[in-house]
Amino acid sequence: MALQNKPPAAEDTIAAIATAWGEAGIAIVRLSGPAASAVAESLLTLPGPLSDIPPRFMKNTYLLDEKGDVIDQVLVVRFAPPRSYTGEEVVEIHTHGGTLVARKCLELMICGGARHAEPGEFTKRAFLSGRIDLTQAEAVLGIIRSRSEEALRAAARTLRGELASFARDIYDELLALSAKMEVGLDFPEEETPFLEDEELDHALQALRQSLEDLLDRCSTGLLLREGIRVAIVGRPNVGKSSLLNSLLKEARAIVTAIPGTTRDLIEEVLTYRGIPIRLVDTAGLGIPTDEVEAIGISRAEDAFQNADVRIWVADGSTPPTPFDREMADRIQNLVHVVAVNKSDLPPGKTGEGRTTEEIIAELLPESAILSISAKNGTGIEGLKDAVVSAIAGGGTLDSGLNASARQVEEIRSAIVSLRDASEALSSGMSQDLAGTCIGDARASMEKLIGISSDDSLLDYIFSQFCVGK
């Protein structure tokens, strides 16, 4: 669902290579702007104006250099406004794949009067011309960066307008509610009935529920888009690096029997259930024995604090230590999974015959605790499930809507504003205060959709795109 109240795009003409660098079957060089056809015509051996070729029809022709010599046989196609990607005059020249010919074509375009496009500028112009809204624009980046089929489908749903449609419906309801409140408060003598507090609160609850449902779908999409940052933590020599290798099914980390082998962070990504899992193998926590180890432990502590999920790796083959009790106390209020490693060895026990796993289960009765063997690969699939479930729960990924962290935060802000409105009513305060909170919720939704967006926000969003998109 595109918005139609955007200002026209810039008056200059931009150019960029729209395909990846390197050898390939074709390379596409794209122009957009009022002089797109004129710039393209100056480079090609066409029998007449480019405007004589119907839009979206390809024409076989030749690309000429500045001396008028043929340098490639190409295809040219134009897209007439407003039915182009940017809403402007767009021309694409499809050269043979190869860095040199595409770069030369781009240089000729710039010499002919175009300027080099900035990152994401084609999509930014599509937004400014009303071809797409801001949620769809950000979904383009989601499609480009998709790491799984689930993420790709979520981005496609957002690009088709599902997120915008739901968000716009909620925004329209907020707008209608605000208007009804204003009329009742400002013109009590009119026939429009005054909105009672109870009726207003019911409306607020219904809107909050709609936003909560939207947040659930967008939070799932954010997981698919950004992934889960997982820190593998524990004391030295419990098998953290072995676990990393087992999760990745490759020997990524050095594994030895010497404690403290890992001195720095090792980061890798795997995809499970459609969700990228960003694994961070850390140095063993504890008291450092030298300066290098102290730096490694400091970085491990940072990873521990900043992770979305922590995998605490405990050694099940040794008796529990004071470190295990300290770690249980530190981790209990954080999102975590416990992996009791070395199940291929006899379990270590206390003097009373209790195992490390039993002690941890007593200390963390609500936690997911799994017995694994990083060496043999036992329990690894269950551990992946537990990590994903710790964040995503058992919900399906099929309804996820590709969303950025910015968009999720705007939805959360709208929910908080409506909660504040309900609390104002329940506290006996005037509807004016509740109306202000509803206005804040509306403002959040306007930023989400792109009805209200400043230049700095747009610059930030589109700077994340590649040049040529």
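Let's begin with salt bridges: here one means a side-chain nitrogen of Lys or Arg within 4 Å of a carboxyl oxygen of Asp or Glu. By this rule, the structure has 19 salt bridges. You are looking at a predicted model, in which local features need pLDDT of at least 70, side-chain atom pairs count only at pLDDT 80 or more, and totals for chains, interfaces and linings use all residues. To find your way, count residues from 1 along each chain as its sequence is written, and note that side-chain values use heavy atoms, with hydrogens and water left out.

**Stop 1: R78 and E89**

Select R78 and E89 and show their side chains. They meet in a salt bridge, at 3.7 Å from N to O. This pair links distant parts of the chain, 11 residues apart: R78 is in strand β4 (residues 70-79), while E89 is in the loop between β4 and β5 (90-96). Strands (E, at least two residues) and helices (H or I, at least four) are DSSP runs, numbered from the N terminus.

Is R78 buried or exposed? R78 counts as buried because its relative accessibility is 11%; buried means under 20% relative accessible area, exposed over 50%, and partly exposed in between (1.4 Å probe, protein chains only). E89 is buried too, with a relative accessible area of 16%.

**Stop 2: R160 and E162**

Now select R160 and E162. These two form a salt bridge whose closest N and O atoms are 3.2 Å apart. R160 has 58% relative accessibility, so this residue counts as exposed. E162, at 24% relative accessible area, is partly exposed.

**Stop 3: K180 and E199**

Next, pick K180 and E199. Their salt bridge has its closest N and O atoms 3.6 Å apart. Here, too, distant parts of the chain are linked: K180 sits in helix α6 (residues 162-186) and E199 in helix α7 (residues 197-226), 19 residues apart. Both ends are partly exposed: K180 has a relative accessible area of 33%, and E199 has 39% relative accessibility.

**Stop 4: a network**

Select D12, E88, R115, E121 and R125 together. Salt bridges that share partners join these residues into one network.

**Stop 5: S417**

Finally, go to S417, which you will find in helix α13 (residues 405-426). S417 counts as buried because its relative accessibility is 10%. Which residues does S417 contact, leaving aside its neighbours within four places in sequence? Show C437, D440 and A441: these are in contact with S417, where contact means heavy atoms within 4.5 Å.
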